[in-house]
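Please look over the sequence and the structure shown here before reading on. The paragraphs that follow lead through the fold step by step.

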Amino acid sequence: MLITEIKSKEALLSLTEGKKVFLINCHGCREVFFPLEEAETFQKELKASGQITGTLTTDYICNPENLQLRLEPHAEEIAAADLVLVFSCGVGVQTIASLMESKTVYAGCDTCRLPGFQGVTPLEYNCDQCGECYLNLTGGICPITACSKSLLNGQCGGSKDGKCEVNPQMECGWERIYRRLEEIGRLDALKCPTQIRNFATDNAVAK
């Protein structure tokens, strides 16, 4: 099992301040705990400020075909938004980012590990449940699971023709991140100092 914890209010406001926002909530699999009350409280404040263009609350957003159908009625609301803020585990955020290649997608939650069944996904996306999500810095592509070496400070330099030197069948995660940030006009994110991982949050809930 795993648990999603809403990011701090300060962190969320730093992402959404002065922006038009489309919200997505995932109330999906029973293997993931969703911080319903905390998410609703923050979202009510955003709505009161007039920043919300629309909201989609659904389940199993890690299913791209199903999600695509559910997003279609909200196309105009999404187009009107500067960013999409997703409250789900890391797999859901990565799925949405892959469907919205030209839109900034942010994670509203961190994902922590709990003992027991971890859930099953047929997708190539994975969440390491590290307790401190990096997706907001890397365009919705996880540097921990998309990179064979889980590098957080950029490309190792060993890739060849866009493929990983550890696994030649795998695309270099940091080349994917660079292309994604370039597509959404956020290459400036790479100029930020590397966020040092807080290992105290890894599996913190289980402890």
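At what angle do the axes of helix H3 and H5 cross, and within what distance do they come? In this predicted model, the axes of helix H3 (residues 64-71) and H5 cross at roughly 65 degrees and come within 11 Å. The crossing of H3 and H5 is right-handed. On the side of H3, the contact is made by Pro64, Leu67, Gln68 and Leu71, and on the side of H5 by Thr95, Ile96 and Leu99. Divided by class, the residues in the contact of H3 with H5 are five nonpolar and two polar, with no charged residue.

The protein contains six helices and seven strands. Read from the N terminus, its elements follow the order β-α-β-β-α-β-α-α-β-α-β-β-α. The protein has 207 residues, and 44% of them count as buried. Among its contacts with a separation of 6 or more, 67% are accounted for by residues 24 or more positions apart. The protein exposes about 10,800 Å², and carbon and sulfur atoms supply 51% of this area.

A second pair of helices may be considered next. The axes of helix H1 (residues 9-16) and helix H2 (residues 36-48) come within 12 Å and cross at roughly 35 degrees, and this crossing of H1 and H2 is right-handed. Lys9, Leu12, Leu13 and Thr16 of H1 make the contact with Phe42, Glu45 and Leu46 of H2. By class, the contact of H1 with H2 comprises four nonpolar residues, one polar residue and two charged residues.

One residue of this contact deserves a separate look. Threonine 16 lies in helix H1. Is threonine 16 buried or exposed? Its relative accessible area is 0%, below the 20% limit, so threonine 16 is buried. Leaving aside residues up to four places away in sequence, threonine 16 touches Val21, Phe42, Leu46, Gln51, Leu83 and Leu85. Of these, Phe42 and Leu46 are among the H2 residues that take part in the contact with H1.

The description now turns to helix H6, which spans residues 173-183. Its buried residues are Gly173, Trp174, Ile177, Arg180 and Leu181. Seen down the axis of H6, these buried residues fall within an arc of 120 degrees, so they line one face of the helix. The cover over the buried residues of H6 includes helix H5 (90-99) and strand S6 (104-107). After H6 comes glycine 185, whose phi is positive, near 70 degrees.

The chain between strand S7 (109-113) and H6 is a loop, and cysteine 133 is found there. Not counting residues up to four places away in sequence, cysteine 133 touches Lys7, Ala107, Cys109 and Asp110. Cysteine 109, one of these residues, is 24 residues away from cysteine 133 along the chain, and the C-alpha atoms of the two are separated by 7.6 Å.

How values were computed:
Residues numbered from 1 in each chain as written. Predicted model: local features only at pLDDT ≥ 70, side-chain atom pairs only at ≥ 80, totals over all residues. Heavy atoms only, no water. Helix = DSSP H or I, 4+ residues; strand = E, 2+ residues; numbered from the N terminus. Buried < 20%, exposed > 50% of the residue type's maximum accessible area, 1.4 Å probe, protein only. Contact = heavy atoms within 4.5 Å. Areas by Shrake-Rupley, 256 points an atom, 1.4 Å probe, with all protein chains shown as cover. Arc of directions from axis to C-beta. Axes fitted to C-alpha atoms, helices over the stretch in contact; angles between N-to-C directions. Left-handed = near helix turned anticlockwise from the far one by under 90°. Nonpolar A, V, L, I, M, F, W, Y, C, P; charged D, E, K, R; others polar.
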